[in-house]
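Have a look at the model first, then go through the points in order.

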Amino acid sequence: MPITPAAVSRLRRTAFYLSATALVTCAAAVASHAQPSRPRDLRRQDSPLTRDPRRPTAYEYENENRNAQIGKEVDIAIKQGNDAFDAGPARYEEAVRSYQEAAKLNPKEARAYLGLGRVYAAQNRVPETLAAYRKAVELKPKLAEARFNLGLVLFVTGKREEALVEYEALRKLDDKLAQRFKEFMDKR
C-alpha cells in the first residue's frame with residue numbers, strides 16, 4: 001500500500017500532537033513533584049469593594065476563629081493570674097507568669113499589665129509597678145482603675161505633679177474613684 005502525501009501529513013500532525021501532549025503531561029508531573037503541597041492559602045482573594053459582606057470568606061472564618069481562641073486563652077491566663085494573686089498566701093511568681101502569658105498572647109491587653117502592676121506593687125517593686133501601670137494607661141487611656149493605681153503610686157513616690165495629672169484624667173472617667181484618690185491625697 002503506497003503512502004500518500006495526505007497520509008504523511010496526518011502522521012506528522014498525530015506525532016506532533018502526541019509529542020506536545022507528552023511534554024505538557026511531563027511538565028505538569030515535574031511541577032507537581034517539585035513543589036510540595038501547601039496548606040490552604042488564607043490570604044484575602046477578593047476585593048473589599050466587590051465582596052458581599054453577608055458571605056464571609058474562608059480567610060474571615062479562619063481569622064475570626066483564631067482571634068476567638070486567642071481571646072479565650074488571654075481570659076484564662078488573666079483569671080489564673082488573679083487566682084494566684086488572690087490565693088491564701090499569694091503566689092506572686094505564678095501570677096506574674098500568668099499575666100505575662102496574657103500580655104504575650106495579646107500585647108494590647110491592658111488588663112494583663114494592670115495585673116502585673118498589682119503584683120509588683122504588692123512586692124514593693126516600684127519601677128516595675130510604674131512601668132506596668134503606665135503601659136496599661138497607654139493601651140487603654142479610659143481604664144479608670146489603671147489611672148487610679150498609677151496616680152497612687154506616683155503620689156506615694158513623691159511625683160505629685162504627675163499624680164495630679166492622673167487625678168484630673170480620673171475625674172473625667174470615674175467620679176467615685178476620683179473622690180477616693182482625692183481623699184487619699186488630702187490625708188497625706
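1. H4 and H5 pack with their axes 8 Å apart, at an angle of about 160°. Axes here are lines fitted to C-alpha atoms, for helices over the stretch in contact, with angles running from 0 to 180 degrees between N-to-C directions. That pair is therefore roughly antiparallel (over 145 degrees; under 35 counts as roughly parallel, 65 to 115 as roughly perpendicular, the rest as oblique). The helices are DSSP runs of H or I, at least four residues, numbered from the N terminus.

2. A word on provenance: this is a predicted model, where local features need pLDDT of at least 70 and side-chain atom pairs count only at pLDDT 80 or more, while totals for chains, interfaces and linings use all residues. Residues are numbered from 1 along each chain as its sequence is written, and side-chain values use heavy atoms, with hydrogens and water left out.

3. H4 passes H5 in a left-handed crossing (the near helix is turned anticlockwise from the far one by less than a right angle; clockwise would be right-handed). On the H4 side the contact (heavy atoms within 4.5 Å) includes Tyr113, Leu114, Leu116 and Tyr120, and on the H5 side Ala132, Tyr133, Ala136 and Leu139 are among the residues involved. By class, the H4 and H5 contact has 10 nonpolar, two polar and three charged residues. For the classes, Ala, Val, Leu, Ile, Met, Phe, Trp, Tyr, Cys and Pro count as nonpolar, Asp, Glu, Lys and Arg as charged, and the others, Gly among them, as polar.

4. Next, H5 (126-139) and H6 (144-156). Their axes come within 9 Å and cross at roughly 150°, and this crossing is left-handed. Leu130, Tyr133 and Val137 are among the H5 residues that meet H6, where the partners include Leu150, Val153 and Leu154. The contact of H5 with H6 divides into eight nonpolar, two polar and two charged residues.

5. How do H2 (residues 58-86) and H4 (residues 110-122) pack? The angle is about 15°, with the axes 10 Å apart, so H2 and H4 are roughly parallel to each other. The crossing of H2 and H4 is left-handed. From H2, Val74, Ile78 and Phe85 are among the residues that meet H4, whose side includes Arg111, Arg118 and Val119. The H2 and H4 contact has six nonpolar, one polar and four charged residues.

6. The largest pocket holds about 220 Å³ of space. Thirteen residues line the largest pocket, with Ala121, Thr129, Leu152, Val153 and Val156 nearest its centre. H4, H5 and H6 each supply at least two lining residues, and H6 gives the most, with four. By class, the lining has eight nonpolar, four polar and one charged residues. On a 1 Å grid over the protein atoms alone, a pocket is an open set of points where a 1.4 Å probe fits, with protein on both sides within 12 Å along at least five of seven lines; lining residues have an atom within 4 Å of a point.

7. Lastly, Leu152 sits in H6. Leaving aside neighbours within four places in sequence, Leu152 is in contact with Phe181 and Phe184.

Key
Points joined across faces, edges and corners; volume = space filled by probe spheres on them.
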